[in-house]
Structure formats: C-alpha cells, structure tokens
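Biologist: Thanks for sitting down with me. Could you walk me through this model, starting with the aromatic side chains?

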Amino acid sequence: MARIEGSARSILTGERTALQRIDPAHGYKAPTRAHYHTIDEEIFLLKGRFTFDSKQWLGRLAYCYHPAGTVHGFRSAVAEESWFISRAGRDVEFDFEDNP
C-alpha cells in the first residue's frame, strides 16, 4: 500500500488530496489485479516512475486521470521510489475485476 505522507479532506465534498510515496526498496508491491474505483482518481507524479499497464510509463511531472469505473492496474509496476499527489472523491475503495 502507498504510504500517505500528508493529506487533506474537503469538509464540503469529502474529497481527499494526499501526498503519497511508494518504494519497492521498502517492500511496496504494485497491485497484481485489475481494479476500478467508484470515484474519480487523479494522480500527479512528482518523482519516480510507475505504470498501470506495463506499456505506458508515468514519469516526473506526469498526470493521470481515471474517471470512476475505469479499470486499471492489471499490469502495474513501480521502477523506483515514487512520490505523487493523488486526489480522489470521498473514500477510495478497490473493486477488483478478474477479466479486464
């Protein structure tokens, strides 16, 4: 799981913005199953490299938007320690998809 270094939640909408860190050198393992969320998810990568599909890699200053219901993470990998800001509506739940 990503380590949340700091976060804030809107008292009006419940949306959460968080600074997160994932580091394979400290035991982080990327998800191995495809999943989706019932909320929108935005990621702005500050440092590092990772992918959700093992084809398109996100690098420094990359932006990724997953609208609610978008299946992703079916071939995730993290190349190095990565820091990113994530924004998600309300609570983030993982709904797994066995046949993406």
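Biologist: Are Phe50 and Phe84 buried or exposed?

Modeller: A word on the source: this is a predicted model, where local features need pLDDT of at least 70, side-chain atom pairs count only at pLDDT 80 or more, and totals for chains, interfaces and linings use all residues. Residues are numbered from 1 along each chain as its sequence is written, and side-chain values use heavy atoms, with hydrogens and water left out. With a 1.4 Å probe and protein chains only, buried means under 20% relative accessible area, exposed over 50%, and partly exposed in between. By that rule, Phe50 and Phe84 are both buried.

Biologist: How are the planes of Phe50 and Phe84 arranged, stacked or edge-to-face?

Modeller: Rings of Phe, Tyr and Trp (its six-membered ring) pair if their centres lie within 6.5 Å; planes under 30 degrees apart count as stacked, over 60 as edge-to-face and the rest as tilted. The centres of Phe50 and Phe84 are 5.6 Å apart and the planes are at 65 degrees, so the pair is edge-to-face.

Biologist: Which strands hold Phe50 and Phe84?

Modeller: Strands (E, at least two residues) are DSSP runs, numbered from the N terminus. The two residues are 34 residues apart, and the pair links distant parts of the chain. Phe50 sits in strand 5 (residues 50–51) and Phe84 in strand 9 (residues 82–88).

Biologist: Which residues form one aromatic cluster?

Modeller: The structure has two aromatic pairs. In one of them, the ring centres of Phe50 and Phe52 lie 5.8 Å apart with planes at 90 degrees, so this pair is edge-to-face. The cluster is Phe50, Phe52 and Phe84.

Biologist: In which order do the three strands of the open sheet lie?

Modeller: Two strands pair if DSSP finds at least two bridges between them. Strand 5 and strand 8 run antiparallel and are joined by two bridges, and Thr51 has Ala77 in strand 8 as its bridge partner. Strand 6 (57–58) and strand 8 (77–78) are the edge strands, each pairing on one side only. The order is 6-5-8.

Biologist: Which ring does Arg49 lie over?

Modeller: A charge sits over a ring if NZ of Lys or CZ of Arg is within 6 Å of the ring centre and within 35 degrees of the ring normal. Arg49 is at 4.6 Å from the ring centre, over the face of Trp57.

Terms used. Helices (H or I, at least four residues) and strands (E, at least two) are DSSP runs, numbered from the N terminus.
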